[in-house]
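Colleague: Could you take me through one part of this model at close range? I would like to look at the place where two chains meet.

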Amino acid sequence: MAEMVIKNGVVYDPKNGVDGERNEICIKDGKIVNNVGAGAKVVDAEGCLVLPGGVDGHTHCAGKINTARVMSPHDMRYSPIPGLSGPEPRTKLLRPQVGYNTPNTHAIGYRYSKLGYTTIAEAAITPMMARHMHEEFESIPILDKLALVLLGSNWQVMQYIQDGDSEMLKSYMAWALLASRGYGVKVVNPGGGSNWTWGKNVSGLDDKVIDFDVTPADILIGLAEANEALNLPHSIHVHCNNLGIPGNITTTLATMKLLEKVKASQDRQVMHLTHMQFHSYTGTSWADFASGSDQIADYINSHDHLTFDMGQMIFGPAMTMTADGPTEYRNARMFDAKWSNYDQELEDAGGIVPLAYSSQHFAHATMWSIGLELALLVKDPWKVMFTTDNPNGGAFVNYPEAQMLLMSDKKRQEVIAGFPDMTMDRISLPNIDRELDWGEMTVMTRSMPAKMLGLDVKGHLGAGADADVAIYDVKPDKVDVSVEHEAVKKALSFAKYTIKGGEVVVRDGDITALPKGKVYWVNAYENGIVQAEKDRLITDLEERFKKYYSMQFSNYMVEDAYVSRPVEMRPEVA
Amino acid sequence: MPVIKDVVCTFCGCLCDDLEVNVEDNKIIKVGKACKLGRAKTMGMFLHERIEKPMIRKNGKDSELEECSYDEAITKAAEILVAAKRPMSYGWCSTSCEAIEKAVVLAEETGSLFDSTANVCHGPSALATQEKGAPSCSLGTAKNYADLIIFWGCNPVHAHPRHQTRYSTMAKGAFTPNGKKDKKMVVVDPRNTDTAKKADLLLQLTPGTDYVLIEALRAIVNGHEDVLPDEIAGLPKAKVMELADMCKASKFGIIYFGMGITQTRGRYKSGDNVSSLLSDLNQTNKFVMIGMRGHYNVTGFGQVAAWETGFPMAIDFSRGSAYYNPGETGTNDVLMRKEVDAFITGAADPGAHFPQESVKHLYTIPAIQVDGYANPTTEFSDVVIPAAIAGVECDGTAYRMDGQPIRMKKLIETTFKTDEEILTEIIAKVRELKGAEGGA
Amino acid sequence: MTHKPFIDIRIVTYNIKSTVKGVRMIETILISARTIDQGATLEEKTSQAYFDAAAYCELNEGNLEALGVSVDQNVKVATAHGMVVLPAKIDARLPDDIVFIPMGPWANAIVDPDTCGCGMPGFKGVPATVEATTDPVLSMKELMATYME
């Protein structure tokens, strides 16, 4: 492959200590290298902002989203952000595009790329449904992908925890990642998914799961310890119990405290807490509901075993989709909204409900504030991942909007000025004047997600990294983001260049090439589990398939045909 | 004699994946575990009237089909589609998702209307989902949990013969270890069907009154039984109360629904109301639903179309972007408006399964058929392209009625091109022809 | 209070044509649906087996007697959208007001093509009449040929 060099850029590469310097970025064979020959193609960044390609460590982009698409033809025609939403006809290069919260696969690839994002992590897929997710992955162009596999209400997991059989738990976890060609372990409302099949839920960490002698706390500890025993690149990725309920901060804090006793197998968190905004509520009802971001931030500022992402809300229509089945039913009843549900045999629950968030509703205004408060009150950006829990809190095409909110106090105050009075004594945001700089923003949108996931080749521009680079028409040394946030937002929405694996895929906001992305997955089974334990697991699984599953064991595992560009990662065996 | 185990049956939406097939000299000589439908399909391969050669009708609909080469047929097909102002692509439900993806590309490339057999099947269920959502579960969940099974407007004994033993009434699951003994079964149908023979309760309603009955159940579930008349949908109120009581007494109920919901008066509004009923019931019990899908991969069409285009069916690419309005862009609507001027169909048989008015129009326009067997569609097709049988002669993906994808196996070798290959070649030819015209 | 079967408004103008003296006729509702034999012969629609599986109609015994028709005698089933000749069979469990035809070309010759603006034609619940006839049943190919203009 041809060589390339990016010149005259203002580079932010926090992992490598580069903070707005005019470094050259050299690219060869899809990788960042230290230098290239004289014949290398020159990309002149003209003093613009140069960042590693964006990494979205938590998005709902394949699998469940397809049911959401079927539910929402209205979304397909909705276009609040011209160029990044709504119907667009095919071109000589591009397939037709539709949608805002639930765009078609092609639009997902094009639009993330336009934002300068190059890697995305599907946040919730059951092993049994992984084949479907990979079919959509194959159809999403350009981006590299990975998947987090739902294990928090899985019968095998709960059975082995109940039996105290940590070896089987470890074997199953490794096998489930292999079977689904998955990357990491996701835990959603632990135990609650299983109870939801009976129409019930759990109310906290110490409830008993109906059909197994385990509690959500047992599940979290069991999975976290197995995760570390397998030395997986990512920690467990947790959606706490009691999402969206006033007073849920108690559960969230208890969950964080619970994991203090687990030791990380490597230099990263032992738990990533996702969409924290939805889990940081004080109060006893919607009447006295308020932000608990200060308590959450205090805890995180004084502990180093966890990371979190914002789950920032965007005003306007959203599409909620989660394995948290009971939450979706509650949403549907509360807003008289349409409701889809899916209970996946032995593995997890799931629901989908379209919602709309209004700046004129005090509860929504408060939730919007909480996401920003969390990111601003936590001092170390390496603990914070930027997300909207796409499209639960809002569609990913709004990332530049939310990034500007973090970088401009002025912009925040303008929005807050329009909030109903009932919001004001529930939030602390008006008193927070911190504005993120480009280095901090780069951490939260690139470097931190890559580190949190254990993806060494992403999120930075050092030699050996994948040559995923975003160049934006922003001159960091000339622009005052705090004031000129509208212009900067536009620049972040349509990258000047997006380079993916050394290839220019976006030029001046338009897609120029459609390379096929890779799929990262973790094989901790092959070398990580001894043969005797493999045999013991398979014998047990065969029995369970015969009795409880609706498909044959031999037809269950995702076949190689579904992952055309795999990158298999094998953790070192401890 | 080699036995291929865990073969996926490619007849109905049950997508049973436990068949045992014996192959000898590239012939299927025995099919184990299949129902009558699955056996007929898989074994019948060698008995049925296979389309052996590509064929073209050279002198109008009343001339004979004449054998030709694949190249000639594919070129002719591409010429028809490129020349058309309002082409339509229909079907693609008894084939693999990989082929369906190609069919989407061809439709985009030719600015076609694009629709599936759901147009005459569960299309209204998709509309109902758009109105009110689809509270559902996997078939294995239903097997393990369901203690109340309601077959509403469907007849699995005839259309999904292994459904009851594998997934529903007779299936033994984690919380239903005794099978039928642990479950109640209800049939709602104007006919006393063969499925109803084993039902604990049959509600033989007046044809076309499904919506009324659902609404009555909602009234009871929500505590308003007093407003109901003595007779509902042709049934005594007591009988409706009995069903409502069974619903309320169940821990996990499921409604399997079929064409009795989608094709009768009210169409999608009945499905919409089923969703509303389930939303009501879930305040106190767990209750879900699954549509009984006919073609083994019609669910897959909906999935592929949704992720590729944003819409599950009835898509119009004439604007370059995807446009969707099922009552306007659905196959039968455009055919009856005589709007379509060229038609390509694959892995479906509109000739047999469309109303007379639609078929009449198909006799007036150039038609292309891609299929393994001769059928009524062959009668009016001007280009007939023989295809390998997916799941027997080639592998690929199919989605079960509950949305579970399973990989189909290739059982025997074939000289026929697959649907995917045929579509790929037509796309290439279309691009070549359009390139020659200087089109985009 | 008895609910009559719902009848679409536009059917009100429907005029039953058969006024020939001595021909007994019943008014009924057409339902088409899958059967296992129709399904088992789905991939061989040019065969006798498919013809046998799809080209018939079912009534209950009382209805058949009222028509003065015995099993396997031909009847003419007519709706506002067409008519088709089929041999009659008995389904003893059918209610009085239903004539059943397996899904396929013969049923679809007379179903209601109107989609009511939602894409789906009326394959079930179509008002129909049934009367005895000596006309022959058309084969699949003969039936399809009637659509050629």
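Modeller: Chain B and chain C bury about 5,100 Å² between them, and carbon and sulfur atoms give 63% of that area. Buried area is the accessible area (1.4 Å probe) that two parts lose on being put together, summed over both. Three residues stand out on chain B. Arg191(B), Arg267(B) and Gln356(B) supply 14% of the area that chain B buries against chain C, more than any other three residues.

A word on the source. This is a predicted model, where local features need pLDDT of at least 70, side-chain atom pairs count only at pLDDT 80 or more, and totals for chains, interfaces and linings use all residues. Residues are numbered from 1 along each chain as its sequence is written, chains are lettered from A and ligands numbered from 1 in the order in which they are written, and side-chain values use heavy atoms, with hydrogens and water left out.

Now the contacts (heavy atoms within 4.5 Å). On chain B, 67 residues touch 55 residues of chain C. Five salt bridges link the two chains. Each pairs a side-chain nitrogen of Lys or Arg with a carboxyl oxygen of Asp or Glu within 4 Å. In one salt bridge, the side chain of Lys41(B) meets that of Glu43(C) at 3.6 Å, N to O.

Next, the make-up of one side. Where chain B touches chain C, it has 29 nonpolar, 22 polar and 16 charged residues. Here Ala, Val, Leu, Ile, Met, Phe, Trp, Tyr, Cys and Pro count as nonpolar, Asp, Glu, Lys and Arg as charged, and the others, Gly among them, as polar.
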